Amino acid sequence: MSVTKAVQKNDQIDITITGYTSEGSGIGRLNDRPDGLAIFVPGAAVGDRLRVRIVKPASHYAFGRLEEILSPSPDRIPVDCPHYPPCGGCVFRHIDYSAECQAKWEKVRDCMTRIGGLSDPPMQPILPAPTPLRYRNKAEFPIGLDRSGKPVLGFYAPRSHRIIPCESCLLQPDVFDRIATRFLSWVEESGNPVYDETTHRGVLRHLYLRYAGSTGQVMVCVVANAGRLCDEAGLCRALTEQEPSIQSIVLNINREQTNVILGPECRTLYGTGELTDTLCGLTFSLSPLAFYQVNREQTERLYQKAAELAALTGEETLLDLYCGAGTIGLSMANRVRQVIGVEIVPQAVENARQNAARNGIQNAEFLCMDAPKAAALLQKRGLSPDVIILDPPRKGCGETLCRTAAEMAPQRLVYISCDPATLARDLAVFAQLSYHPVSITPVDLFPRTRHVETICFLSRKAQ
């Protein structure tokens, strides 16, 4: 039966929610039949009995809008955020945190079976976060204009570039809320035009904030379609007089017509241009462009798990691909003979080298190049890594990098992923190269959102 005959737009139907999509929407079936048409409902919870209005029929599924909760799920809790759900950052504020963790565990397992082709994936229990509140050390606020032409900043609504103003976000430290409010006042006073992504005119694009949980330091980074702002001194004065925790104010220059937030060039307006944080007992200096996990407390648990899986004895050569500011490799430097970090962002590599020196680590080297060039250099030196740590961006490693890593023949691979779908895809490639997963552990670095980190340990099997 085609979907157009099964349901029409604006039809109202009653369904029971039995699962979640990868985006965090609830899944129900037409007539509650196992083979019934799948209906996806944002804001639903497993166990809900709902009345749903069909808003978009498709060929093999339909999207619905929650009209009435006929019988609530036992997992439902009162929503504690006035911006939920329009802002789109959170998808699980309406359910108990333990139920959210279970949903994320099932999401990872589903990817491993459906995409990775693993009939019985070696899943381990999820590592939940100690708290689902105020954990983010980074925020990126797009800047725009409301209908009256007044500057606003907030977060993009789901699947759009429509800005939802947000006065306070429960995922980030409250100092971010105060800085954002004061910055918006300066925008109105300074005369800097807001960037228009349609015409590529205007100056102010994003406000990007970083927070160091151990030191309390804050970095303010203004992303602009220009190399200079009107009243830069006024900006620095307005922010630092109100918030003495601000360590640095940086102008990031992004003149490209792109959705990528940060451009390649930074200019320091105030302070050092960096901030300092501690992680796993080490001190790290972070520039605006250096990658750093958004949940410091959970990241420590993640890295401890990675070191445990790597089974380090002190004799290994460890290769840290996508090393960023060097956090993973340096956290394991005292357990290996040698750390080699590889990263293509020059500023991040410089941060990594500075971080090694700052912590008195002498057995770490950082290379500014891509993975294939690094592999060729190591081969020329006669070095073969015993352990490779992979921590790629959301797009994953891809077949080329998987093959590059496997050709270096490490005894063990530890793959840290922020997207279980691309991890599962890459595991299928690694399986063809005789590397197979021994354990797969979800780690919740992103409570209340749809995202989940996963750490996978792979070992090589003889062909």
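Biologist: Where does Asn10 lie?
Modeller: Asn10 is in the loop between α1 (3-6) and β1 (12-20). Helices (H or I, at least four residues) and strands (E, at least two) are DSSP runs, numbered from the N terminus. This is a predicted model, in which local features need pLDDT of at least 70 and side-chain atom pairs count only at pLDDT 80 or more, while totals for chains, interfaces and linings use all residues. Residues are numbered from 1 along each chain as its sequence is written, and side-chain values use heavy atoms, with hydrogens and water left out.

Biologist: What is phi of Asn10?
Modeller: Near 80 degrees, which is positive in a residue other than glycine. Most residues other than glycine have a negative phi. Asn10 has 46% relative accessibility and so counts as partly exposed, a class between buried (under 20% relative accessible area) and exposed (over 50%), with a 1.4 Å probe and protein chains only.

Biologist: And what about phi of Arg134?
Modeller: Positive, about 55 degrees, although Arg134 is not a glycine. Arg134 lies in the loop between α2 and β6 (138-145).

Biologist: Which peptide bond is cis?
Modeller: The one from Tyr84 to Pro85, with omega near 5 degrees. Pro85 is in the loop between β5 (61-71) and α2.

Biologist: At what angle do α2 and α10 pack?
Modeller: Helix α2 (residues 97-114) meets helix α10 (residues 420-432) at about 30 degrees, with the axes 8 Å apart. Axes are lines fitted to C-alpha atoms, for helices over the stretch in contact, and angles run from 0 to 180 degrees between N-to-C directions. The two helices are therefore roughly parallel (under 35 degrees; over 145 is roughly antiparallel, 65 to 115 roughly perpendicular, the rest oblique).

Biologist: Which residues make the contact?
Modeller: Lys107, Val108, Cys111 and Met112 of α2, and Pro420, Ala421, Leu423, Ala424 and Leu427 of α10. Contact means heavy atoms within 4.5 Å.

Biologist: Switching to the open sheet, what is its strand order?
Modeller: Its seven strands run β17-β16-β15-β18-β19-β21-β20, with mixed pairing. The edge strands, each pairing on one side only, are β17 (364-368) and β20. Two strands pair if DSSP finds at least two bridges between them.

Biologist: How many bridges join β20 to β21?
Modeller: Eight, and β20 and β21 (residues 453-460) run antiparallel. Ser439 stands opposite Phe457 in β21, and Thr441 has Ile455 as its bridge partner there.

Biologist: How many residues of β20 are buried?
Modeller: Seven of the nine in β20 (residues 435-443), so the strand is largely enclosed by the rest of the structure.
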